[in-house]
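Subject: Structure for your review

Dear colleague,

Please find the structure below, together with the notes I promised you on what turned up in it. I would be glad if you read the two side by side.

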Amino acid sequence: MRRRATAAAGTLMAFLLVGCGTSTPPAPSGTPAPAPASRTSPALPTTGTATTTPPVTWQVGAHPLPRRPDGFGEILPTPPELVNRALPTRDFLPPPVGNAYVSKIETVPPDVLARSTWQAACPVKATELRYVTLSFWGFDGRAHTGELLVNRTGARAVVTAFGKLFAARFPLEEVRVTSRGELDAPPTGDGNDTSAFVCRPVRGQTTWSAHAYGLAVDVNPFCNPYSKGSLVLPELASAYLDRSRLRPGMVVAGGPVVRDFAAVGWSWGGAWTSPKDRMHFTATGG
């Protein structure tokens, strides 16, 4: 999800100035993963998605929110345009040819590293990250190519899990690398980008997040918001706190996303008591 600067930004910068190292595990094979067998997602009720409503004109990131004392944006009601969110995907990488799942694991190109949140003070070395490109289905019903930075020890697991989501035609709005500027941008509360590596601490804490090691993935954050007390992230996603009202892109207990990540050994933050991190999957349990 698009990360926003908080009142703890100073603490984050202090941590970024302290270098940390980790051991270098064996690198996985960089060959593309085979396409998994096709299967069908559970049927979802009709909820008035983009196929039954007028074209959505919402521009993501165009409406900065006033800040709360904790540095997050004000928690506001979900705009009507986003209650049944189904925005189209903008291609920034060439889409796959045909409808077969395509994935690739490689060392991180210098230009990708430069536009990411990585810097020398992060708790993972650049050589320990991998650049993953993979196919995904958008809410527009089209196949697209996404990109992730992932720890090399988890790259194969991520490729496998996303391959199963592709076979199930589970929709994702964006799959892309988070940029450094997003950490300091004003909060807008409407981001829905699926991402992995982000060099930041755990929300509200000073310890490094599993994202800072490339060992966590956030899936459709707006459709699967984080909540703790009065805090909802993204800040405009309150309409998706009602998990009984199933809509495309939602991660639910017993559903394909939870099963597919569990099959590769990754756990789900939506099973936690507090906070509820419904978007979050991690290889570390945190």
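I begin with R278, which is placed in the loop between β10 and β11 (280-282). Please keep in mind throughout that this is a predicted model. R278 is buried and yet has no salt bridge, and the nearest side chain of opposite charge, that of D277, is 7.4 Å away. What does the side chain of R278 make a polar contact with? The partner is the side chain of S227, at 2.9 Å. Setting aside neighbours within four places in sequence, R278 is in contact with a list of residues that includes N224, P225, Y226, L241, R243, V251, W268, G269 and G270.

As for the overall picture, the protein has five helices and eleven strands, and buried residues make up 52% of its 286 residues.

Salt bridges

Although R278 has no salt bridge, a search of the whole structure finds six of them. In one, R115 is joined to E147, with the closest N and O atoms 2.8 Å apart. This pair links distant parts of the chain, since R115 is in the loop between α2 (110-114) and β2 (129-137) while E147 is in strand β3 (residues 143-151), 32 residues apart. Are the two partners buried or exposed? R115 has a relative accessible area of 35% and so counts as partly exposed, whereas E147, with a relative accessible area of 2%, is buried.

R176 takes part in two salt bridges that I would ask you to look at together. With E174, the closest N and O atoms are 3.4 Å apart, and with E182 they are 3.0 Å apart. E174 is buried, having a relative accessible area of 12%, R176 counts as buried at 12% relative accessibility, and E182 is buried with a relative accessible area of 9%. Salt bridges that share partners join E174, R176, E182 and D193 into one network.

Aromatic rings

The count of aromatic pairs comes to seven.

F222 lies in the loop between β6 and β7 and Y240 in the loop between β8 and α5, so the pair ties together parts that are 18 residues apart in sequence. Both F222 and Y240 are buried. F222 also has the charged end of R85 sitting over its ring, 4.6 Å from the ring centre. Elsewhere, ring pairs link F162, F261, W266, W268 and F281 into a cluster, and W268 from that cluster is also listed among the contacts of R278.

Backbone details

Most residues other than glycine have a negative phi, and most peptide bonds are trans, so a few places deserve a careful look. R169, in the loop between α3 (155-167) and β4 (174-175), has a positive phi near 60°. R169 counts as partly exposed at 47% relative accessibility, and its charged end sits over the ring of W137, 3.7 Å from the ring centre. N220 has a positive phi near 40° and is placed in the loop between β6 (216-218) and β7 (226-228), but N220 is buried, with a relative accessible area of 0%.

One joins L233 and P234, with omega about -5°, and P234 lies in the loop between β8 (231-233) and α5 (256-263). The other runs from S274 to P275, with omega near 0°, and P275 is found in the loop between β9 (267-268) and β10 (276-277).

Definitions and conventions
Residues numbered from 1 in each chain as written. Predicted model: local features only at pLDDT ≥ 70, side-chain atom pairs only at ≥ 80, totals over all residues. Heavy atoms only, no water. Helix = DSSP H or I, 4+ residues; strand = E, 2+ residues; numbered from the N terminus. Buried < 20%, exposed > 50% of the residue type's maximum accessible area, 1.4 Å probe, protein only. Phe/Tyr/Trp six-rings, centres within 6.5 Å; stacked < 30°, edge-to-face > 60°. Lys NZ or Arg CZ within 6 Å of the ring centre and 35° of its normal. Lys, Arg positive; Asp, Glu negative; His and termini not counted. Salt bridge = Lys/Arg side-chain N within 4 Å of Asp/Glu carboxyl O. Polar contact = N/O pair within 3.5 Å; in protein donor to acceptor, adjacent residues only side chain to side chain. Contact = heavy atoms within 4.5 Å.
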